[in-house]
Structure formats: structure tokens, C-alpha cells
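Please read it with the structure open beside you.

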Amino acid sequence: MDFGGTYGNYLKYPFAVIVDDQSAVISITNRPDVFEPDTTHTVAFTIGNLRTNAIEAVEVTASGTGVTTKQTSLFLGTIDANKAASGNLSVTTTEETKEVTFDVTYRNGANWHTESVTLPLESGVSKTGAELIVNNVEVKNSGSYYTIICDVNNAGLTTAKALVVTTEGVTKTGLYPSYVVGSMDEDGLSEFEVTFSNPAGDNVTLVFTYKDANGNVYTEKQTVPITSAVTEAQTTGESSPVATVLIVIVILVILAGGFVAWKKGKIFARK
């Protein structure tokens, strides 16, 4: 700026400089109760902008030992002042994974900033997953193969998707070597039947395979005794040879008694 003049005129004007050191806030809004190894789980989060101006190019990534994600990152774009944006990341972990770190990178003016939050992992079996219970078991023996008819109930808190029932340690044969139940919601109930032959002992293991919303595969097993199997003859109501002979003898005795009574004149025709 040139103010001219012989003595070098100058301009003096005071102004205030405000430094906003507020950062973005990361809040984990939903996560699984446990992270089972080699499974994929969805983590939901919200990014809040505490600044008095917008932050731009907001991007979220996940990192950690044994951590992989379906998306390399999640781009949320611009978040205005005092506003928030939400998103989800599908995270896959291994047995070595102890924690997952979520990094939020954004631009404020000409400068880039990064904020992070670390999520400790808990291992174990999920308390909210599907839980299958079998009851009302009926076993039939047709001679060439066995049939097990049961009811299965989902006593868990999430849906068991693509539920399939089969057997283990036997020869899968008959009409239903495997039975597709399909999707079973919490508190759901369904009947199924499986057929097999050549059991190794007095018990047969039922194998239930299903998936959760993230495509993770789960397997549950239950042992069912087959010693009380109902034969095909019993199922159709056919009598045994001994019972048939007894019935014929009773009928003959009744007919013989009637004939003797008629011969003695104890049975008269109605006049």
C-alpha cells in the first residue's frame, strides 16, 4: 500500500483475532456387545462439529492390529457449525485385535486436522445373537431311513437368517437330507424334518447353520436320541401279527357262543 507523502504516511487500525480451538467430536452410537474373531460387525458413530464455522472434507477410517473394513474409508463431506453427521463402518477383526481406532480427518480453512477415538474390544459369545432351542421331537423309522420331526424356536434377540438344518455322523438320505427353514425372527417358531440312515449309535446330532445381518455364519448343534423311534407300522396304525390272531379268536368265540344259544332256543325271532 502506498499512502504517498514526503514523510511516509501510515494507516493504523486495530482489529480482533479470534482463535477457535474447538475440534470435531466422535461419538460411538452403536456397537456389538462383543467382537467375535473373524467376523464382521457394524459400528455406528456420529461426528459433531463444535466450531463456529463449517468443517469440510470429513473422512472416517478404522485401523488397528488385525482390523480390516469393507470400505477403505467413509466420506461425510461438509458438516456445518453446530451440526452433526452420522455413518457406519463394517469392521472385521481377528483374535489378535484388542482395540479399533477410528480417525476423523477434516479441513478447516487451509489447515487439515485429525481427531481419533479408540474402541476397546471385548471377546466372547454375543448376548444378543440368535439362540435356537429344539423341542417336540418325534423320531420315525421307516425301515430304510429315519425321520426326525421337530420344532425350533429362536430365543435370541436377533434374526437367524438362511437357517438350514441337517445331520452329522450319519448318511444323509430320504426326502429331507437337509431342510431349509429360511429367516427366523426373534421369538419365531418353525417345524422342520430331516431324514437319514446308518446312525452310528443311539443318538443323532442335528446341525443348525444360519447367518446374521452382516453375513457371519454361525453353527449350533443338538443331540437327539433315536432309541424310541416309532416304526412305520406303528405310525400307520397297523397291528402286530399276535394282535391280529387274538382279534380273530375273540370274533370266533363270539360267533360260536351265538350259535350255541340259537341251538338251545335262547334266541327267538321277534313276532
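The points below cover the basis of the model, its sheets, a hairpin, aromatic pairs and a surface patch.

1. Basis. This is a predicted model, in which local features need pLDDT of at least 70 and side-chain atom pairs count only at pLDDT 80 or more, while totals for chains, interfaces and linings use all residues. Residues are numbered from 1 along each chain as its sequence is written, and side-chain values use heavy atoms, with hydrogens and water left out.

2. The sheet 5-3-7-8. Four strands with antiparallel pairing make up an open sheet in the order 5-3-7-8; strands here are DSSP runs (E, at least two residues; helices are H or I, at least four), numbered from the N terminus, and two strands pair if DSSP finds at least two bridges between them. Its edges are strand 5 (74-79) and strand 8 (111-120), each of which pairs on one side only. From one strand to the next the twist averages 20 degrees, where axes are lines fitted to C-alpha atoms (for helices over the stretch in contact) and angles run from 0 to 180 degrees between N-to-C directions.

3. Pairing of strand 3. Strand 3 (residues 55-63) is joined to strand 7 (residues 99-108) by six bridges in the antiparallel sense, with glutamate 59 opposite threonine 105 and serine 63 partnered by threonine 101. Strand 3 also pairs with strand 5, again antiparallel, over four bridges, and there valine 60 has leucine 74 as its bridge partner.

4. Within it, strand 15 (residues 203-211) and strand 16 run antiparallel and are joined by nine bridges, and the partner of lysine 211 in strand 16 is valine 217.

5. Is strand 10 (residues 146-154) mostly covered or mostly open? Strand 10 is mostly covered, since eight of its nine residues are buried (buried means under 20% relative accessible area, exposed over 50%, and partly exposed in between, with a 1.4 Å probe and protein chains only). Strand 9 (residues 132-141) pairs with strand 10 in the antiparallel sense over eight bridges, valine 139 standing opposite isoleucine 148. These two strands form a hairpin with four residues between them, and glycine 143 in the turn has a positive phi of about 105 degrees. Strand 10 is likewise joined to strand 14 (residues 189-197), antiparallel, by eight bridges, where tyrosine 146 is partnered by phenylalanine 196.

6. Aromatic pairs. The structure holds five aromatic pairs (rings of Phe, Tyr and Trp, the last by its six-membered ring, with centres within 6.5 Å; planes under 30 degrees apart are stacked, over 60 edge-to-face, the rest tilted). One of them joins tyrosine 146 and phenylalanine 196, which are stacked at 5.5 Å centre to centre with 10 degrees between the planes; this pair links residues 50 apart in the chain, and both are buried. Tyrosine 210 and tyrosine 218 are also stacked, because their ring centres lie 5.7 Å apart with the planes at 20 degrees. Tyrosine 210 counts as buried at 6% relative accessibility, as does tyrosine 218 at 18%.

7. Surface patch. Tyr13, Phe15, Val17 and Val19 form a nonpolar surface patch with about 570 Å² of accessible area together. Tyrosine 13, in the segment before strand 1 (24-30), counts as exposed because its relative accessibility is 67%.

Conventions. Patches are made of residues with over 30% relative accessible area and no salt bridge: like charges are joined within 9 Å, nonpolar side chains (Val, Leu, Ile, Met, Phe, Trp, Tyr) within 5 Å. Accessible areas come from the Shrake-Rupley method with a 1.4 Å probe; for residues, only the protein chains shown count as cover. A salt bridge is a side-chain nitrogen of Lys or Arg within 4 Å of a carboxyl oxygen of Asp or Glu.
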